[in-house]
Amino acid sequence: MKNLENPFSVLKATEFTNEEIKEYWVDFGHGKNSVFNFLNPTTDLPKYLLGSKGTGKTHILKYASYPLQKLKANNDFNKILEEKYIGLYYELYGYNASRFKGKGIDQDQWNTVFEYYLDLFLADKLLKTYSEFFDFFKVNDDLLQSVLKGINNLFNQTESPLECKSIKELIDYISLLRKKIDSEINNVAFTRKFNLSEIKSLFTPGDLIFGIPELISQQVIQLKDVKIIYILDEIEKLEEWQKVYINTLVWDKRKPVTFWLGMRTWGYTTWTTKSTELIRDGHEFNKIDLDSFISNNQELYPEFVSNLCVNRLTKYFSKRGISIEAKNIKKDFEDKFEQYSEESVVEYFSNLGKRKELAHITKLKEKLKYVIKPEKAINSFVAKLIDDEENVLFQKYKFFKFYKDWYNLDSDNKRLKRQWTLENIMFAINDEFRKYKTGSNSIVFEEIVDKRKKDFIAQICVENNEPARNIEHSGIDSFIERSQCNPRNFLMILMKCVEIGNLRNEKTLEPEGKVSLETQYRALYDTAEWFYKTIEIKGEEAKKLYDSLQFLSDILKLYRYCDKPTETSVFGFSITHEDLSNEAKRQIGDMETYSIIVKDIKGRKERNTSREENRYFLNKTLCPLWGLPIKKRGILDLNRETANLIFNYTLKNQFESSYKKIRSKLVAPFLKEELTNSSQNTLDF
Amino acid sequence: MAIENFIELPLKDQLLKKVESYMKSIWINRIDKNKLNNWLNNFEDSTIDIDEKEKLNMLFLLSKFSFLGDNEIRSLLKCLFRDLFKRPIIQRIRKELGDTLVLEDINKKFSVEFEVTKFVAIGGVSESGAMLMYPFRQENDEISEKNIILQSEILKENIGGQKEIALPSVQRYIFIDDFIGTGSQGKDKLKKDVESLKNLNKNLELCYYVLVATEDGLEELNKLNLFTSVEAVFVLDGTFKAFEEESRYYKTTHNGIDREYAKKVAEKYGQTLFYTQELGFGDCQLLLGFDHNTPDNTLPIFWGEENGWKYIFKRFIKKA
């Protein structure tokens, strides 16, 4: 067992040893909520376990596999068999499936070689595993010879009958056959032709992997009715035609064999079999979507990931000879996280405002140059609008109202003649705000405060180049929410907290340690960046996806950081699917598959037409990259034009002009001329 | 991939991220979080604001530090042999043979030249020159042990106590070292031996090649007319001086990063670390370190150890 300096640093089950898989195992829930309740190994129906990266597929599948069965049973094979199954885990990454193509060889030949090789690949571990059971149960030689005879007969006997006298001999023989194929594949690029005598199929596809368990189940009493589960992980690494063969095996499976297939959600791409029959969810297999399962059981997710965290910490401390009760570990750890407070942020910037001019004031002065002449009048105008108000947030409320009223002025008049109007607005705002401050009824400002407070705090932080102060929500519970039902995202945030905290000398895991808000912000930002950079999409599709994500985040950021926000705390959008082009629909589908956006299961009716609308939210893990909120309040209604510009890559060149049009309505001085001013960087605020 | 629309991280975090990535790669096993924190904690002034500004500015300098690890040094050693030594000789040979492209002829002549060449490790057996010879030989297949000698093996005394050339057949000596700062150290180490060699055989070719050198240091040594040539694989021009107006490190402006201010901080602490040479020997103001040592021309805030100062890059000082 590794003695980790950072208890959260292992983020992939593939990096764990079998002992660690067992030690770090945490079930999603108990009883009916256990993962193994729906992945029930005693049922015959194959399972397709789908999930985005980091949902824990490999950990689950490995936990169900034979090496773990042995560990859990302390090598007591009788105990293993009480589970009535043996799980044979295969990681298809190591199988190197991509080598079965090209090199001047006809695809039909590759198909045959792949099928043959896969059967040998599966049979190898199958025989090695059975062999351990035979040894444990001291299976007598007569029985063994009978089994071997049966297996020998599974091979084509026409030319030279196979006469393996022991399981080891059989395993060696299969290994030799694999080596011959390996050699042929490695050299075929030069020979451009397979040597048939080396690669000739000696059995019918499926005969070994189904035939051997069938035979042994019938002949070896201890293994009667013991299911063999071929657990094939990382199916997404296979080519489409290879997946078709796997589907065919699933279709053709014979008792006591069944399959569990683990794959990324985006890797689930075909239901076809070689006979062109389609396998169907609920009939030939059960699809288990981990993302949906976790989202549908969101009330269980916080406890599940908390347990993951406590489990890691318990191991960390016990390896250092420190024994702490689990409930104390949790509490001690939670207490280390500095709590975010809006009041502190406002106080900090209000004090800063006494020493220097804050960005929102400078920005307003700049914008007023378009409408107030001479320029020297601007300072006194802004001073009057501020009206000695020192609270930076109150200033922002007033400025917002000012921007809003400015926008509403009749745009037909020449702007330079409007000074008197702006002055009237300014005085009216001051009168109204005094009412609010003195507790008199000011519906206008009460509404502004209710709807805009969080957005304006975010704006203050970002405008003054201190985005880290706007963490908005801190501590473990907020990390759970930000992880968007993905355990790896959650562990990554914790790993970063410890790593960055240590660099900042916060001694995170020591008794006096803490995790400052700065560290928490960095951990969230770094996790977001990691998530962004490791989206598993390649080539042209990747370009399209990243373009759409940039456009979407540009729009969401604009609505949060503009002068005159019209929506409250947006990080989601609603669209009517009928309005979308096919390309835009496909793109939204892709973004959902890769967990960039998350669909809100509760759709809604469009206000005017009552058409069904779909609501999507940006994955909360990504939100820190653009300083977006994570609590659902407002939602952006994307009209047909904007939605298609964001999600349809064929229209990407038109996005910028459309963005400028939207921006000109949200950002002072609300100039339509800006649309033609190509030199201005309109993506700045 | 479009990443330009991200909210920008605060500068301190951007710098820490950069430093962390170095710690995981080129500085691995060299600098850990404790060393980094201890070093940053050297910069503690009486007021919190100033303390933070000092730390930020020093962190900025650290993020610009050039550290040449084993891999980088090996690459430079390859370049030294290929670009400074072999290529000019090949060019001359080709010219002499009427711009020939016949490899066999060129190789034949080059072998003759190579046969009369010795690569000399400057200084004693435990000094940087000698330490470089092992990887120098490993990285350049053509060189064998017989092509390398120590500086102390160039001359010998005859029975009458007079100096004479130990290997009279040698026509070319290539003195190898890691670094030239002001040039004074090279001069001190080599002047006597090189002058003796020249007196004994005025036709000798005497070259001084290093991995890295300052432009000023090279000029200083070339002015002496001691060597046939003095060259470096990588030359540090004036822009590598941390606090000069043309400093390459301050080309982009960052909020809170101030060249003049950083210079004052480096001077303030440097005074207690390297008396009268607060910005490094010869006022070189370098941000440079090697796997095997840190030159004293580098800012002392990085390597100093006086008065409880915690260094971040170790400088091994030669014991007398």
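Biologist: What does the secondary structure of chain B come to, in helices and strands?

Modeller: Chain B comes to ten helices and nine strands. These names come from DSSP runs: a helix is H or I over at least four residues, a strand is E over at least two, and both are numbered from the N terminus. Please keep in mind that this is a predicted model, where local features need pLDDT of at least 70, side-chain atom pairs count only at pLDDT 80 or more, and totals for chains, interfaces and linings use all residues. Residues are numbered from 1 along each chain as its sequence is written, and chains are lettered from A and ligands numbered from 1 in the order in which they are written.

Biologist: How do you know which residues of chain A and chain B are in contact?

Modeller: Two residues are in contact if their C-beta atoms, placed from the backbone, lie within 7 Å. By that rule, 20 residues from chain A and 14 residues from chain B take part. On the side of chain A, helix 22 (487-503), helix 23 (517-533) and helix 24 (539-561) each give two or more residues. The largest share, six residues, comes from helix 24 of chain A.

Biologist: Why are strand 2 and strand 5 of chain A called edge strands?

Modeller: Strands pair if DSSP finds at least two bridges between them. Five strands of chain A form an open sheet in the order 2-3-4-1-5, with parallel pairing. Strand 2 (85-91) and strand 5 (286-289) of chain A each pair on one side only, so they are the edge strands.

Biologist: What makes strand 2 and strand 3 of chain A a pair?

Modeller: Seven bridges join strand 2 of chain A to strand 3 (residues 227-233) of chain A. The rule asks for at least two, so these strands count as paired. In one of these bridges, E91(A) has D233(A) in strand 3 as its partner.

Biologist: How do you know where the domains of chain B lie?

Modeller: Their bounds come from an automatic or database domain assignment, which gives domain 1 (31-64 + 242-308) and domain 2 (70-236) of chain B. The C-alpha centres of these two domains lie 34 Å apart. Ten residues of domain 1 of chain B are in contact with ten residues of domain 2 of chain B.
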